[in-house]
Amino acid sequence: MGTFSERNNMNWKRISAVAVALSMSLASLAIAQPAQAGNSYISQYCKTNMYVLTYSGSASDQPMWCRVQHGPAAAFGYTGPADGYPGVNTWKGVQSYLRASGVYSGPVDGIPGTNTYKGIQLIARHGGYNGPIDGIPGANTWRGFDMAIRVGWFGL
């Protein structure tokens, strides 16, 4: 069986091996989500304002949509321009991102509805949103969603 010291040394070796394996697994998860995927075009507006930190809380916050289009939407299939104007294909990318995040199970049809907005509210929780998950996005939902995108995709 060995001395206490030998057994203790074996336990540390096992614990160290598990820690290394876990670290490698977690590192691969972080790598699986690219911070910047390819857009076909990034408008001058988005190039200038991508990192401008707005706190408008508006669904039409153009810099927020630049970040969404260039970050999660592009990583999950959106190949259109990062121009700050969400269209059907931007929404398809957002819905794919929400689905991959486990917060949306609806269709990827580019038409935002109650379940798309509930998914956005759940992601917004990572950005400080603490309101209801009711599918009715307000200013706090958009602020939280934008903050979650800034931190999770751009490290801002």
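User: What do the buried residues of H6 pack against?

Analyst: This is a predicted model. In it, the buried residues of H6 pack against helix H5 (88-100) and H7. The buried residues of H6 are Thr116, Tyr117, Gly119, Ile120, Gln121, Ile123 and Ala124.

User: How far apart do the two axes come, and what is the hand of the crossing?

Analyst: The axes of H6 and H7 come within 7 Å. H6 passes H7 in a left-handed crossing.

User: Which residues make the contact?

Analyst: H6 brings Tyr117, Ile120, Gln121, Ile123 and Ala124. H7 brings Thr141, Trp142, Gly144, Phe145 and Ala148.

User: What classes of residue are in that contact?

Analyst: Seven are nonpolar, three are polar and none is charged. Tyr counts as nonpolar, while Gly counts as polar.

User: How do you know whether asparagine 49 is buried or exposed?

Analyst: Check its relative accessible area, which is 17%. Buried means under 20%. The value falls under that cut-off, so asparagine 49 is buried.

User: Where is asparagine 49 found, and what is it in contact with?

Analyst: Asparagine 49 is found in helix H2 (residues 44-49). Leaving aside neighbours within four places in sequence, asparagine 49 is in contact with Pro63 and Arg67.

Conventions: Residues numbered from 1 in each chain as written. Predicted model: local features only at pLDDT ≥ 70, side-chain atom pairs only at ≥ 80, totals over all residues. Heavy atoms only, no water. Axes fitted to C-alpha atoms, helices over the stretch in contact; angles between N-to-C directions. Helix = DSSP H or I, 4+ residues; strand = E, 2+ residues; numbered from the N terminus. Left-handed = near helix turned anticlockwise from the far one by under 90°. Contact = heavy atoms within 4.5 Å. Buried < 20%, exposed > 50% of the residue type's maximum accessible area, 1.4 Å probe, protein only.
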